[in-house]
Amino acid sequence: MSNINTQPEKDSFRDHIAIITDDGKRKDIYPKKPKGRFYNARTIFSIFLLAFLFGMPLIKINGHPFMLINILERKFILFGAAFGTHDFFILALGLIAFIVSIILFTAIFGRVFCGWACPQTVFLEMVFRKIEFLFEGDYFNQKKMNMAPWGLSKTTRKLAKWSIFVIISVLISNTLIAWVVGIDELVKIITDPVSKHLWGFISMIGFSGLFYFIFVYFREYACIYVCPYGRLQGVLLDQNSTVIAYDYIRGEPRGRIKKKETRPSGDCIDCSACVAVCPTGIDIRNGTQLECVNCTACIDACDNIMEKVGKPRGLIRFASENNIRNKAKFKFTAREIAYSAVLLILFGLLTYLISTRKPIDVTILRAPGMIFQEQPDNKISNLYTMKLTNKTFNDVPVSLKLENLNGELKIIGNDIKVGPNDVSETKFLVIIERNEIKTMNVPLEIGLYNESGKFETKKINFLGPPPQK
Ligand code: SF4
Ligand code: SF4
């Protein structure tokens, strides 16, 4: 990535991170309130994301959640369709496709997911930070208030802000629980005595505390120290990746505007407006850095300055290193083409698996270790094991019929009934008169019926003794 500073003292940003002081303590970040077209677009986009996050658990179809990610019981409902452990391939493939698409997206567009769609950034910048601006004013007032002694105004504002932060943290925690166990279960956790849902209650308190800690105290530390995705940027980005970049060809040599003095010829007036708005405290003019979450606040800040000084916008913009240094146009690299091909194959496979997915899956196998059994009255039987996977939300009673031969089909045990999203195993015997057996391997057709009629015909083989001459 670009390195525009050649003087050793200016390269010092590489030896430390912006949020740590020289003596190793945390440096408080007070980002200036962003203002501009990207910030407005992010606000609108975040409203959609938040509506999705908070709204989805409330939607039900035929009494079942529209979305449910119950990792505890390994039950998933995605857009109304139920998935379980039996759909392992689909879920695993979906997860791999998701990871590859993030890798591909990052290689092309950089870390734009972090700034625009990551829940951490959306909640921090679009919810908590906005409330902070509302109660404590912009960055300068916040800093001043934090350094001032406690008085009525400071106490009232802080208490009001913290109370709202607690309410939002509880709300986020409850929403997370609703995504996992469903809204009905969440209502029970809230309304029933605590002893009935002790773990649910502990989770609610625990997650509320965790979210409060993350969004009120931990903040940018989550992106810089904890998030593994951030750490991967070094291997995912290259000279052609589009990132938030400072156009050093146009901006340098930088210099402040001073009256009656000639200033350097670069467009950057060294006003530090881009640094003031940065929620991770970095100076994007030093090039792409691990801390940058691509929030675009610095683009807005610099565009506003450029407009004021009568220069074109875009001194900081979405651009690749190649684009800035060589004025190269966007082009797909071999790596991106390879990622796209893998992604295409994965999505193709996923589409095939989902489109051919049956609501009830049936496997019938002849019982291992047995060929055939002699039965009274000159009859021969074969023993089979049937595995039924019910991928619906309802109980499914199933009956079997021998379709292509005269014979008897005898279920061993009770009638077959498989519960919602459950798997059942049944054994049954097919009994055929010896004189019906014309070959040692008789093709059989078993019809499977539920309440609405036949839903599948399974073709299996019946093994018999050599036919009588
Ligand atoms: S450098 Fe710019 S895009 Fe990156 S985190 Fe800071 S303000 Fe956001
Ligand atoms: S906001 Fe623009 S002009 Fe001001 S310091 Fe940053 S890059 Fe330079």
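**A first walk through the model**

Hi everyone, let's begin with helix α2, residues 88-109. Helices are DSSP runs of H or I with at least four residues, numbered from the N terminus.

Before going on, a word on the model. This is a predicted model, where local features need pLDDT of at least 70 and side-chain atom pairs count only at pLDDT 80 or more, while totals for chains, interfaces and linings use all residues. Residues are numbered from 1 along each chain as its sequence is written, and chains are lettered from A and ligands numbered from 1 in the order in which they are written.

Back to α2. Thr106, Ala107 and Ile108 are buried there, meaning that 20 or more other C-beta atoms, placed from the backbone, lie within 10 Å of their own. Their cover includes α11 (233-236) and α16 (334-355).

Now the ligands. Which residues come nearest to ligand 1? They are Cys278, Ile284, Cys292, Cys295 and Cys298, out of 14 around it. "Around" means a C-beta atom, placed from the backbone, within 6 Å. That shell has 11 nonpolar residues, three polar and no charged. In this count, Ala, Val, Leu, Ile, Met, Phe, Trp, Tyr, Cys and Pro are nonpolar, Asp, Glu, Lys and Arg are charged, and the others, Gly among them, are polar.

Ligand 2 has 15 residues around it, and the nearest are Cys268, Cys271, Ala273, Cys274 and Cys302. Two helices, α13 (273-276) and α14 (297-308), each give two or more residues to this shell. The largest share, three residues, is from α14. By class, we find 11 nonpolar, two polar and two charged residues around ligand 2.

Helix α14 also meets α1 (residues 37-55): their axes come within 7 Å and cross at roughly 145°. Arg37, Phe38 and Tyr39 of α1 make the contact with Ala297, Ile299 and Asp300 of α14. Contact means C-beta atoms, placed from the backbone, within 7 Å. Axes are lines fitted to C-alpha atoms over the stretch in contact, with angles from 0 to 180 degrees between N-to-C directions.

Finally, the domain assignment gives domain 1 (1-357) and domain 2 (360-463). Their contact takes five residues from domain 1 and seven from domain 2.

Terms used: Domains from an automatic or database assignment. Contact = placed C-beta atoms within 7 Å. Buried ≥ 20, exposed ≤ 12 C-beta atoms within 10 Å, placed from the backbone.
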